Amino acid sequence: MRIMNLKNAFFIVTLVITGFIGTAKLLGLEAQDQKQYFNNLDRGFKDEDMELIQSAKETINKMGSENIKDLINALQDKSRHKMTRVLIAKKIGELKSTDTIKPLSTVLEDQTEPKEVRYATARALGKMEEKEALNLLLKVFGNKDEKERNLKYVIVIIFRDNKITIAVDALIDALKDNDWLLRYKAAQVLGEMKIKRAAEDLREVLKKDKEQLVREIAAESLKAITGISYTVE
């Protein structure tokens, strides 16, 4: 009887070990398959193979929170095609995982990164409702040494689309920026968000800004905020 019990115990242990090995192999294959999808995107963009891009994109779009680590690793891999990384950043933003805030910010603040990748990481952070993520966007927006001016324009739109009210002070400050297009976009968004406390600053823009287009958008924003029509000189 004891011999039979030992045989049964040995059989059970063998099954458990086999199960662990099988699971490990499956997980290894799954990780390998995910990497292959990223590789397919790289190859698709390089060869302009729309069918390959679409197939890989559809699979990546189905990834969930269990794939966060793989997505982050792929995003941080500078050897990958920039558009592959753009799509990965977009997916990360949709998952809204707080675990991705730090790696996203690392890419966003790296001025050696392709601008398209930085735009995508900014949008991904904008989708999150975490204060940490929004503060990172504000940090980049307020960085006087930022060389990629278009990134600030992208962030202004993120503030508007996500109704990020903690950005109001930064937008008001931007009305005095040396970049006339940034002043234009800041004035536009303040009007679209109907920020009442920006009215006085917009009146100053209307009176003093050197650019006609900036004065015109300030007048439009003032009308949206106050309901009063203003004359542009």
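**A loop residue and the helix packing**

A: K194 lies in the loop between α10 (180-192) and α11 (199-208), helices being DSSP runs of H or I with at least four residues, numbered from the N terminus. The model is predicted, so local features need pLDDT of at least 70 and side-chain atom pairs pLDDT 80 or more, while totals for chains, interfaces and linings use all residues. Residues are numbered from 1 along each chain as its sequence is written, and side-chain values use heavy atoms, without hydrogens or water.

Although K194 is not a glycine, its phi is positive, at about 55°. Most residues other than glycine have a negative phi. With a relative accessibility of 57%, K194 counts as exposed (over 50% relative accessible area; buried is under 20% and partly exposed lies in between, with a 1.4 Å probe and protein chains only).

A positive phi, near 55°, is found for E48, a residue other than glycine. E48 is placed in the loop between α1 (2-47) and α2 (50-61), and its relative accessible area of 68% makes it exposed.

Buried positions are found within the helices. In α3 they are I68, L71, I72, A74 and L75. Seen down the axis of α3, these residues fall within an arc of 165°, so they line one face of the helix; the arc is taken over the directions from the helix axis to the C-beta atoms.

Helix α3 (residues 68-76) packs with helix α4 (residues 82-95) at about 145°, the axes being 9 Å apart; axes are lines fitted to C-alpha atoms over the stretch in contact, and angles run from 0 to 180 degrees between N-to-C directions. The contact (heavy atoms within 4.5 Å) involves I68, L71, I72, A74, L75 and Q76 of α3, together with R85, I88, A89, K91, I92 and L95 of α4.

In helix α5 (residues 101-109), the buried residues are I101, P103, L104, S105, V107 and L108. Their cover includes α3, α4, α6 (115-126), α7 (131-141) and α8 (149-161).

Side-chain rings supply one aromatic pair, with pairing defined by ring centres within 6.5 Å, and planes under 30 degrees apart stacked, over 60 edge-to-face and the rest tilted. The centres of the F141 and F159 rings are 5.5 Å apart and their planes stand at 75°, so the pair is edge-to-face. F141 belongs to helix α7 and F159 to helix α8, 18 residues apart, and both are buried.

Notes:
Helix = DSSP H or I, 4+ residues; strand = E, 2+ residues; numbered from the N terminus. Phe/Tyr/Trp six-rings, centres within 6.5 Å; stacked < 30°, edge-to-face > 60°.
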